Every structure is written in C-alpha cells, then in structure tokens.
Amino acid sequence: MKVYYVKNSSARAKEFQLTTTVYEENGQKYVKKEASCQESIAHLEQMKKNYALLSKSIINPKVKLAQIIQETPTTLTFEFIDGVSLESKFYQSLETSPTQAYRVIDEYKELVASSFSNSSTPLHSDQHKIFGDNRPLSNSDLYFEGCSNIDLIFSNIIYSGETIYIIDYEWVFEMPLMLEYVYFRAISSLNQKGLVEKYFNPTELKEFRAKEDAFLLGYVLNRDSFYQIQHYYLKDKIDPTQTITEQKATIQAQEETIQKLEELLALSGETVENKEQLIQEQHTHIQTLSNQIEELQAIAQSLRIKNRLKRLAPQKLLSPLRAVQKNPALLKKVFYYLKRGEIGYLWSKTKEKTEQSTLSSTNTPSIQPQEYFKAYDNNKYTIENRIIDIIIPVYNGYEFLEPLFDSLEKNTSAPHRLIVVNDCSPDERVKPLLLKRLEKHPTAIFVDHAVNLGFVKSVNEAYTYTKDHFLILNTDTEVPELWVERLMYPILQMENIATTTPFTNSGQIASFPNFIADNNIFEGMSVDALDAVFKEVNPDKFYSKVPTGVGFCMGVNYNLIQEIGFFVEEEFGRGYGEENDWCQRAIIHGYENLMVPNLFVYHKHGGSFSAEDKKRLMQENAIKLLHKHPNYDKDIQTYVGKDPHKILRQLMVVVASSHDKEPLHLIIDQALGGGANHYTTARKEEYREQNKKILHLVYDYYASNYRVYFEYKEYNYSFILQTLKSLKELFVHLKFGEIFINNIVSFEQPSQILQWIEELTDTNQASLIVPIHDYYALCPNYTLLDPKGVFCEVPHGLQECQNCMKTNDLEWRTFVSDGVDMRQWRGDWENILTLADKIICFSSSSKEILLRAYKTLDSSKIEITPHQVAPLPPVTVAKKPKDAPITIGILGAINQAKGANIIEALVDSIEKDALNIKIVLIGEISKNISSDAFRVTGRYQRDQLPTIIQKEAIDIFLIPSVCPETFSYTTSEIMMMELPLMVFDLGAPASRVKEYSKGVVISKDYLQNTLAHIASLQNS
C-alpha cells in the first residue's frame, strides 16, 4: 500500500476527530476515514447516513456523490475521484483575469442552486444549537430542503468527464440552511482578499461570520485546545496567510536570504559562477522557513482551510526560491533587480509568477511526444503465411452492409477469409445482398440459418470453420487500411494474448473521444482519416490490459479456445456478456486481453436488437456475469479509475482536430502577463465564438517549460513540454491553418523559434499574423531604451545597435543570452515579417517605428487596429481649496520603461523645492520610493477606478513612460473618464493625446517641463 496523504483532525472535539488517509493499492487510489477515538465512531456512522440523505436531495443527474465502497465498525473507505476540482478551475481562471474567476464563482452558485432540492423554508428551531442564536436575513432566502451540506466548498466539487462529484459530506445537517451561507463558506475557502466583500454586504457578512464562529468555536473545535484560542484571536482580524507573512522570523529569514543574494552578487561580479553556493543558501532558507511555520499551519487547520496549505504564505515564500533553484535562467533576473536595489519588486514578481506556474501545473501532465507517437512500420505488421478468418454474424442491418463490404474490400490487404452467418434475418433484402457481395470473395463461407439462433450460437458455429487465430466483426462497422495486421499483431507476436480490441467511437472502455460513452465518430471524419491519426500512435507504450475485449471488432486467440472452449450458449444465448465471460475465463488461465492503441474502427452501433431487447439482455446477462465472476465489476471500475489512455485520447483529439477540414489556429505567446496576454485572451474568445480550434502555445519563463492549451467545443486540454525538441516532435503531427505570433519575449533560443515558425508556416501553407505589442521584432531590447534609459530613435546603422547591445544592461538582458548578433536578429525577424500575411500595429506611431527598421517591408500589409478598451464612466473630482496641493495621479504597473525613474526624480524635486504637489500611484512600482509626497495604493480592480480617483482627489494624470509605447490602455482609460492628462512626446500616448482637449504633450526635458506645466496649473 502506498500512502499519499494523512490528516488528523485532532483540533476538533473528540466526537468529531477522524484520520483521513489517501492511499493506493493494486494501482487504485482510495480515501479512508477512520474514527480516531471511541467517541467519534458515531460521527462516522452519521456520514453513512449523510450519503443516503444527500442522494435523495440531488436533483441534477450529472451530480454524484463519492461512493462508500467499504466499511468496518471504525472506518469508511471512499472511491478516489480523479478529475479537476472547481477550486483548481477558479485559480486557473484567476491567472487569466478576475472576470474569468468571477464566472467560476457564478458557475458554482448556479450548480449548487440547481443540483439540490431547495425552497423558502423558514428557520429551523434547532439551528441555534449549532449555528448560534441568529436570525435569517430575509424570508425570501433559498434554503436547502430536507438536509443541508455546508461542506460544498470549491475543493470538494470535482469535474470528472461529464460527471460532477461531491467528495466530502461530513458536515450535513437535517435542517434547512440558507444557500447563501454555504456560498459564503465556499467563497471564504478560496482565501482571496476582498472576495467575500464583493459578494456579500456588511449585514450578511456579520450574520454569516456569526454563524461560522458558532459552528466552529461552539460545535466543532476542542473547547480547550490551542486551536480554539488561536481561532478566537484571529477571527475578523487577520487571516492565517497574513499572519504568517508578517511573522518576524519569516521576515528576518527573507531579509537574510536577500542579503546573501546581494553578497553573492558582489562576489560573483554579476555572473552566476557561484550558483552552487546560492542554491545551498536557498536550501538553508527553505528549511528555516519550514521549521517556523508549523505552529501557524495549525492555525490554518483550526480555521478549516482545507487543501489550501499549499497556498499559504510560507509556501508562497518557498516556491520562488525553489523556482530559482530549478531554473538558473531566473538568476539573471534576480541579479538585475538586486543591482538596481528593487528587491521588493523582485520578490513580489517572482513570487506571483512562480505561484501562477505552480497553479498552471496542477492537473497538467508533462508529456514526451516520442513516447506517444511512432511512425508505422509496414515490415513489422505482417501476417506472413497465415490466413485470418473474419467472422461476420448478420441479423438485419441492411443499411450497414454496403459500407462494411466496401471498407473490407478496399482496406483488407492481409490474407483472409470471410465467414458470414445470416442468422435468419427477417429483412428479405439482406440475404441477396450478402450473396452478391460474396461473389467477390471466392473463398468465403456463407452460413444461412433457417431459424434465428442468436449471436452466440452463430459465432460459435462460425468458429468451427476456423483453423487459426480469427476475428469477429459486427455488420455495423467500417474498417481502415491495414486493420487486420494491427489488430492481430499482439496475438501473433506476443505470448498469452486472448483478445485484442481497437479504439472506436462507441465501445465503452474502447470509446473515443469520450471514455465509457457512445460517441458519434469524431467531427464526422471518415474512418480512414481518423485512423490515419491513430496509426501513428506508439503501440508499445500503450498496449493496455483490459478486463474484457469488446465484441464489435475483436481479435481472438484460436489456441486458447482449444483449452477453455468458446462462448457459453446456454447462459448468454442471444448476446451481451458472452465475450466478457470468455475474457474473464482467459484471465483465469493466465492470458491477457489487450487494447490496440494504434487502430481505430468505426462502430455505428445499430441494428441487431431493439432498444427494449438490448436493455433487457444487458441487465439479465450482467447478473449472470457477476455470479460467474464476482470480481468483474471491481476490475472494470479499477480500469476505469486508472484510465490508462486518458492523455493519449486527449492528444488524439488534438491531432485529429488538426487533420479535420479546418486545421488549428496556433497562438504563440509568453507567460509574463500584461497587455499582450490580455490580447490573447480576447482573441481566443473571438475564436471560440467562431467555433475555431485553438492551440495556445506559451513559454513559461518562470517554470522554464512550454505549455500547450487546446480549446475546441467541450474539449479543453493542456500539456507541458520541457524542451523545444519535444515541442517540435509534437507539432510534426499537427496541421495549422493560421499561426499567430502574439509575443515571444522571454522565449529561450528566439532565433531557433523564429526559424521553426518559418518552417511551420511553409510546411502547413498557413497564414501568418504578427501583432506588434512591443519592439522585440526590432531589437531584443524591446523597449528601445539606450543604456541611459532614453529612447534610441532606431538608428539607421546596425553597428550602432550592435554597440548598444554590448553596454545596454536593462531588463531585456534577463531574457536574452549575452552574444546578440543584431544582423542575425533583424534578419530572422525580417524573414518572419516578410512572410507574414498581416502585421497588426495598435497605433500609427508603432507602424512608423517598425518601418524605420524595415524600410523595404510591404507597408500595405500593416494594419493599424487600436485595442478595444472596455468603457469607463466620466469622473468628476470635487473642487479643492486654492492652497491645496496639486495631486498627480499615475496609473498602472510602473517599471523603468514605464517611468519609475521619472517618478523618483519628481518626488526628489518636490521634496527638495518644497513644492505643493502630491503624487498618488494607483498600481505598483518597481522602485522603493519613500516620501510624504508619494503614495502607492496598490493593485486595483478596474471597476474601482472612479471611486479611487475621487477618494484620492486626483487633479491631473501623468503617463510617465519613457519608451515609445505601441498602445496605452491607461491613456485610453483616463481619456474615457474625461480627466486631465499629461504624456511625454513619445509613441502611442502622444499620438492620442494630441487630439484630446484635456491633454497636454510634454516635450523634452520631461521632468522640468512636467513641473512647469503643474506650476502653470497652480498659477491659473
């Protein structure tokens, strides 16, 4: 037994103390809950009762409870549900935008409200015993009807295929409780600052927090425990995450680490020669932090922050250090910010991005394409001198016969013989058609029954004509080329193989694309086109043992039949269950049944039985099967739980989608955040509305890997690839109709990436689109700032640019290796821009700058399309007294290129000359500026901007960017709010503001002219 996780709820009162263990046994995971003491056995018994209560209250057929599969007097063992939790979905959406995350919360509320019986039931008289003597907020609130599960938090809701599982129902009460209270508990469990305040008003929060305190402090927790005291101390004051981050020991350890990094920088001469020493120091720091947080983790436990310790602040502090250790490229970024003294910015950014990388890795498999794909080898799959019999039992199904024989005659190249049994088909058209088609098969055997004997007897009779291994094929199938060779290969070449079954659209454990489902053939593709995708699967890695073959198309070992006989006629007469029984008998005799992963056969699933007969036969024979093989159902469930072909099926969906009528739309992007990523999100939304197939390729600089996201209809898959080589190995199997190079800043080996994109474009004859979000296409220094931090104006000669590369040590250097050859850089990008069908600029100024570097570029394919910016309402700021200071507002995340040095110089001038000016930054800044004249409000929600501006009494905004921005969202937003605005005479902001009645364009010298303009405002 392999144990993955153990948790003891010793913080609770004795009657609720359980030990939860997640373990694996015989390849299957389970969750066991065990009473920790005699007093808590009743709580375990209550959970069994909860299961029955909740089962009755569920009204959504897609919602299921994790089943209790074994019990003892002191334990309950539950099935382990493998899938994606709603909690993971929330945090993944949060990476994209708060709006996407809010949609997940809305999805949660809708799911809860629509999945459980509810009504406007009045307050239950016993509620005060558990939840305190408080009253409901409104008579119109919805209540759970009959029983209430207050453990419906995001981490306890798992999406597994089409089914939604509730995996924890420990806290269920036979009384109606408000849905809103359960929503409060769930949203609180996400541990996001300000989130509950967004969804609940102060009155509701007071009421729900009172309920929660009563439940935890008065009911659940050990009244005399340390946890009880700590919870009382923290409630309504600060959450454990904040407590942990503010611990003196943690801060001190962090400062010591930073000091060590600075010392290393000084010793290394701004190189990474002493990486081993740095890593050792990080290990020491990690251990220090780990030792210091044990007590605080206990606090989090008492607050019932389940499954979220991985997101507590200590883990947040540790993950950036681990990221640096695993990704030495990050050291360059560390040194850059340390040298500039921007330690806080370094820490916050590294922490934020590594957390996002960690969240993205959740439920995202890392794949090596060479394990999944292998070129088909004709020489390997040979039947040699054997003749394979193909048994085709026929009962009606006239409409299937022509397509079946067409595919057989077209695609069966192996030596074979047909054995066709017409089991007294009532449809008089069937027999003549069979005889006509068999004229082309002179060796065929035709058996014509005068009375109907059923499927099992028909196949058994056909078997008597065989002398070697054979296969069974239903009439409602179509086969691809070389199908016999692939299906029979394991039986012919491996030892002790009883049956072989290919992938199909409708074959339960063999089903594609959805497991255990009757699918239509994927995207209406032909069997030949879809099988061409499966034909490239590496079968040696994915031959999988299954509890049973599937009889629609099944290879059968003739020799085994001589040992154990064939189908049992008296029990499974007309069909259903006979192959399952035979396969189970084969297993008992030391044989295996295999899935053949590199073959797809189309199964139309029709014909032989009416729906009523089919249902009856399946039910009757399932009972017989379980009587004969009591382990069968468990074996099937174990296989389904393991689902060994899950990732393979996902990859096949991606590859097959690309080979369909319309190939993939590839978007290539970085994972650094900012406007470029928002642009990708908007473009993907547009593509989804057009039902396009999206493949989103991202290089994650902070994790040093590539991530591929596939989105189409209900299919949403993601994969991690560790190297460019692996990425290329995957993309060889895909077809692209459009390649969209959104942004490749931070990509490793940019020259190789560009050359590879050229090859992809040419090979696929794809359209190529290049948006200009920054100036990476001109220079690795994508802001075009010279070593002094001034716009370089794009020199005419490349030698000047080459000289700049030698001395320029701005932030771009953290992403690009040292030896930049500007001639090669421009040459690689010129090839891409020349090849592009369309180049998108977001302002006329960025087009002008692009053409300064590439004078021969066809300007007609450059399209100027400004970003669409969501509207903001006009803002009016209250008038201030004449002697009040002028307040300059700055909006957004500010680094050097965005004007951090300008802001620092402005603050210095204000202090030096005692100017009556205040600066308020709504956002964040890389520099640590400490002054009474300067204040940072921190990150903000966009819809909060008008309120913040009014509160801060902003008189005029400044866009302090010293680089020529290609577009400026903040400029657009300020203009939408109809507020006064100053910008420097650079790039897109200047182009826009020249036409804005409340705007002024500041010329060089920017600092002095900005102060001069403010002085003129004060004088007026």
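Buried here means under 20% relative accessible area, exposed over 50% and partly exposed in between, with a 1.4 Å probe and protein chains only. Helices (H or I, at least four residues) and strands (E, at least two) are DSSP runs numbered from the N terminus. This is a predicted model, in which local features need pLDDT of at least 70 and side-chain atom pairs count only at pLDDT 80 or more, while totals for chains, interfaces and linings use all residues. Residues are numbered from 1 along each chain as its sequence is written, and side-chain values use heavy atoms, with hydrogens and water left out.

**Stop 1: helix H30**

Select residues 724–731, which form helix H30, and colour its buried residues, namely Leu724, Ser726, Leu727, Leu730 and Phe731.

**Stop 2**

Move to strand E26, residues 705–712, which is mostly covered, with 7 of its 8 residues buried. Strand E25 (residues 694–700) pairs with E26 in the antiparallel sense over 7 bridges, where pairing requires that DSSP finds at least two bridges between two strands. Within this pair, Ile694 stands opposite Glu711 of E26. The two strands E25 and E26 form a hairpin with 4 residues between them, and Ser704 in the turn has a positive phi of about 55°.

**Stop 3**

Now display the open sheet of 6 strands, whose order is E34-E33-E32-E35-E36-E37 and whose pairing is parallel. Strand E34 (934–936) and strand E37 (999–1002) stand at the edges, each with a single partner strand, so one side of each is left without a neighbour in the sheet. Ignoring direction, neighbouring strands of this sheet are turned by 25° against each other on average, the angles being taken between axes that are lines fitted to C-alpha atoms (for helices over the stretch in contact), with values from 0 to 180 degrees between N-to-C directions.

Zoom in on E32 and strand E33 (residues 917–925), which run parallel and are joined by 9 bridges; Ile888 has Ile919 as its bridge partner in E33. Across E32, E33, E34, E35 and E36 lies helix H35 (residues 900–912), running at about 155° to E33. Helix H37 packs on the sheet as well, touching E32, E35 and E36 (contact meaning heavy atoms within 4.5 Å), and its direction makes about 165° with that of E35.

**Stop 4: helix H37**

Keep H37 selected, residues 969–976: 6 of its 8 residues are buried, so this helix is largely enclosed by the rest of the structure. Those buried residues are Thr970, Thr971, Ser972, Glu973, Ile974 and Met975. They pack against strand E32 (886–894), helix H36 (945–952), strand E35 (956–959), strand E36 (981–984) and helix H38 (987–993). After H37 comes Glu978, whose phi is positive, near 60°.

**Stop 5**

Select the open sheet of 4 strands with the order E4-E12-E11-E7, in which the pairing is mixed. Its edge strands are E4 (63–65) and E7 (84–85), each pairing on one side only. E7 pairs with strand E11 (residues 157–160) in the antiparallel sense over 2 bridges, and Ser85 has Ile158 of E11 as its bridge partner. Helix H3 (residues 98–115) lies across E4, E11 and strand E12 (163–166), and it runs at about 90° to E11.

**Stop 6: helices H5 and H7**

Finish with helix H5 (residues 179–189) and helix H7 (residues 202–220), whose axes come within 10 Å and cross at roughly 75°. That makes H5 roughly perpendicular to H7, a term for angles of 65 to 115 degrees. To see the contact, show Glu180, Tyr181, Phe184 and Arg185 of H5 together with Leu205, Phe208, Arg209, Lys211, Glu212 and Phe215 of H7.

Conventions. Angles under 35 degrees count as roughly parallel, over 145 as roughly antiparallel, 65 to 115 as roughly perpendicular and the rest as oblique.
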